[in-house]
Amino acid sequence: MDAFVLLGSFLGLMIIGMPVAYALGLSALIGAWWIDIPFDAIMISIAAGVNKFSLLAIPFFVLAGAIMAEGGMSRRLVAFASVLVGFVRGGLALVNILASTFFGAISGSSMADTASIGSVLIPEMEKKGYPRDFATAVTVSGSVQAILIPPSHNAVIYSLAAGGSVSIAALFLAGVLPGLLLGLTLAVMCLFIARKRDFPKGKRIPMKEALLICVDALWGLMTMVIILGGILSGIFTATESAAIAVIWAFFVTMCIYRDYKWNELPKLVHRTVKTLAIVMILIGFAASFGYIMTLMQIPQQITGLFTSISDNKYAVLMMINVLLLVLGTLMDMAPLILIMTPILLPVVTSIGVDPVHFGMIMMVNLGMGLITPPVGGVLFVGAAVAKLPIERVVKALYPFFGALLLVLMAVTYIPALSLWLPAALLK
Amino acid sequence: MKNNILRLTDILYLACIWISGASIFVMSLIIPWGIFTRYVLGTGSQWPEPISILLMVVFTFFGAAAAYRAGAHIAVAMVTERLPAGPKRLMAGLVDVLMLSVAVFMTVYGSKLCMETWGQNIGEIPWMPVGATYLPVPLGGFITLIFILEHMVLGYQGQRDVVTFDHEKIEGGAL
């Protein structure tokens with residue numbers, strides 16, 4: 001009954017269209033009233049939820065990514081990718097995917113990836129003879145790499161939602177191989193499609209020009225070296241490395257690239273404040289929701305429910321995948337990480353799944369949710385950039401969904417994909 | 001009358017954006033300063049960490065208030081947008097009232113938390129009462145309350161120039 005009051009009121013509030021963050025807060029209050037917990041305790045849990053040093057990494061990573069994305073980074077990453085893979089048949093599709101891989105290394109945002117890489121490459125691909133819906137589908141599905149490849153602010157959110165017990169450094173490293181596998185799978189598929197539909201070959205870029213392009217892009221790609229190098233060597237904490245990344249991003253875009261005008265900075269700040277504050281307050285209210293959930297022992301009940309259906313690890317993981325995929329099509333990533341992690345983590349740890357591995361399973365699932373209708377933020381942005389109806393992009397995305405499902409299965413059932421790198425590098 | 005109110009809420013909106021923006025700016029300077037003092041000066045300042053956390057709380061609650069006015073919060077519109085106009089209005093009204101209750105909770109219980117913890121001090125910066133670090137919660141809650149009332153009386157203001165001056169690029173680009 002307790003669970004019904006808490007989860008039911010949350011669901012009801014969401015359905016009538018209340019913003020998710022406030023719906024979490026209000027249903028926590030309803031739950032507290034139901035089990036006779038004073039409202040002061042809810043206030044304390046909200047305040048404690050946003051009062052954490054590790055939380056600071058989120059605004060910093062997002063800001064660094066936003067500065068780079070708007071400061072001309074995507075154009076340079078596209079040029080860099082063209083040098084490396086542009087000359088094969090279907091080259092621009094590969095350039096698109098590889099540019100997203102690089103973009104993932106400076107930002108964890110699929111939406112920023114789609115918006116900035118898409119606006120450079122979708123028109124370019126169409127000009128060279130690729131269908132516009134195919135170009136959009138490549139951009140949208142390739143952008144899911146940004147969530148996996150470090151730095152990923154969603155990994156930081158997961159670490160927080162898991163109670164801070166999962167190391168951010170381990171999560172960052174765990175994302176590298178699944179991210180690259182995703183890129184590779186998409187690239188192989190694009191090569192096949194390119195041959196079948198006879199997409200054009202690109203030109204090889206002359207050596208001297210290629211060198212200049214590489215140097216130009218390396219300034220931006222240094223961001224990841226700073227972040228991972230700092231964390232792995234133990235010089236910085238994750239939060240500190242994120243702050244350094246902001247300074248570095250600012251330095252590179254304003255002093256080296258100089259595409260961005262100083263008088264446009266207020267717009268950047270305005271956009272960033274709006275998009276970031278909603279995630280931060282979501283984290284605060286989700287903390288109060290999680291607090292009531294724990295008091296009601298909902299995670300234990302859900303674990304019992306899952307294990308009563310099956311105690312087979314693979315079957316439980318499959319059920320969780322289906323659940324996350326369905327939820328992901330309906331809702332955004334950050335709220336789902338915050339709500340579902342405290343519920344599902346006890347389930348998977350009870351059947352012996354590593355929390356870092358589960359983090360990656362969640363990232364791939366919810367990343368797919370971003371590009372599937374009815375609610376898919378990245379899909380919407382992609383369609384808007386390409387000026388195409390959403391249905392047409394979805395139709396072009398069908399083969400890409402297949403590729404993503406393949407990657408999801410690999411990440412779910414081959415734990416080493418996620419766990420090998422952190423085990424090898426973090427002693 | 002209406003225009004005067006809107007002018008005031010515009011100023012309040014911009015104040016929230018600038019307070020949040022300044023917080024994130026200062027945050028991203030003092031954390032590296034902390035690293036600098038640790039490795040270069042060898043003194044290891046204690047204050048950057050608690051001050052950044054305070055600024056993050058400021059950023060979160062003022063920014064979220066502004067984001068409410070801009071209509072930027074994540075909500076599920078799948079059900080409501082398929083409803084006919086009448087029930088749709090009813091739902092929107094209901095959401096306003098419920099939002100109001102959360103904003104009142106933030107203001108009242110946030111203030112209570114501040115007052116109860118005002119006597120305690122933060123270890124690293126003795127002059128700072130713990131209650132002060134929670135102040136953004138009731139303040140942000142109160143500003144949200146004003147924006148909700150504005151929404152109830154004067155309707156949605158997310159299309160105003162002060163809110164949309166950054167719109168030529170794709171919205172939501174940062175996340």
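Q: How are H6(A) and H11(A) oriented to each other, roughly parallel or roughly antiparallel?

A: Two packed helices are described by the distance between their axes and the angle between them. In this predicted model, the axes of helix H6 (residues 91–104) of chain A and helix H11 (residues 168–196) of chain A come within 9 Å and cross at roughly 175 degrees. H6(A) and H11(A) are therefore roughly antiparallel to each other. Angles under 35 degrees count as roughly parallel, over 145 as roughly antiparallel, 65 to 115 as roughly perpendicular, and the rest as oblique. The axes are lines fitted to C-alpha atoms, for helices over the stretch in contact, and angles run from 0 to 180 degrees between N-to-C directions. Helices are DSSP runs (H or I, at least four residues), as are strands (E, at least two), numbered from the N terminus.

Q: Which residues make the contact of H6(A) with H11(A)?

A: Contact means heavy atoms within 4.5 Å. H6(A) contributes Ala93(A), Leu94(A), Ile97(A) and Thr101(A), while H11(A) contributes Leu180(A), Gly183(A), Leu186(A), Ala187(A), Cys190(A) and Leu191(A). By class, 8 are nonpolar, 2 polar and none charged. Here Ala, Val, Leu, Ile, Met, Phe, Trp, Tyr, Cys and Pro count as nonpolar, Asp, Glu, Lys and Arg as charged, and the others, Gly among them, as polar.

Q: What conventions apply to the numbering and the values?

A: Residues are numbered from 1 along each chain as its sequence is written, and chains are lettered from A and ligands numbered from 1 in the order in which they are written. Local features need pLDDT of at least 70, side-chain atom pairs count only at pLDDT 80 or more, and totals for chains, interfaces and linings use all residues, while side-chain values use heavy atoms, with hydrogens and water left out.

Q: How much area do chain B and chain A bury between them?

A: The size of an interface is often given as the accessible area lost when the parts come together. Chain B and chain A bury about 6,100 Å², with 79% of it on carbon and sulfur atoms; this is the area (1.4 Å probe) lost on being put together, summed over both parts. In residues, 64 of chain B are in contact with 68 of chain A.

Q: How many salt bridges are there between chain B and chain A?

A: Side chains of opposite charge can pair when their charged atoms come close. The count between the two chains is 2 salt bridges, each a side-chain nitrogen of Lys or Arg within 4 Å of a carboxyl oxygen of Asp or Glu. Glu240(A) and Arg38(B) meet in a salt bridge at 3.0 Å, N to O. Lys112(B) and Asp40(A) also meet at 3.0 Å, N to O. That pair crosses from helix H3 of chain B to helix H3 (residues 39–49) of chain A.

Q: Where in chain A is there a cis peptide bond from Pro150(A) to Pro151(A)?

A: The bond has omega near -5 degrees, and Pro151(A) lies in the loop between helix H9 (145–148) and helix H10 (153–161) of chain A. Another cis peptide bond joins Pro373(A) and Pro374(A), with omega about 0 degrees. Pro374(A) is in the loop between helix H18 (355–369) and helix H19 (377–386) of chain A.

Technical notes:
Buried area is the accessible area (1.4 Å probe) that two parts lose on being put together, summed over both.
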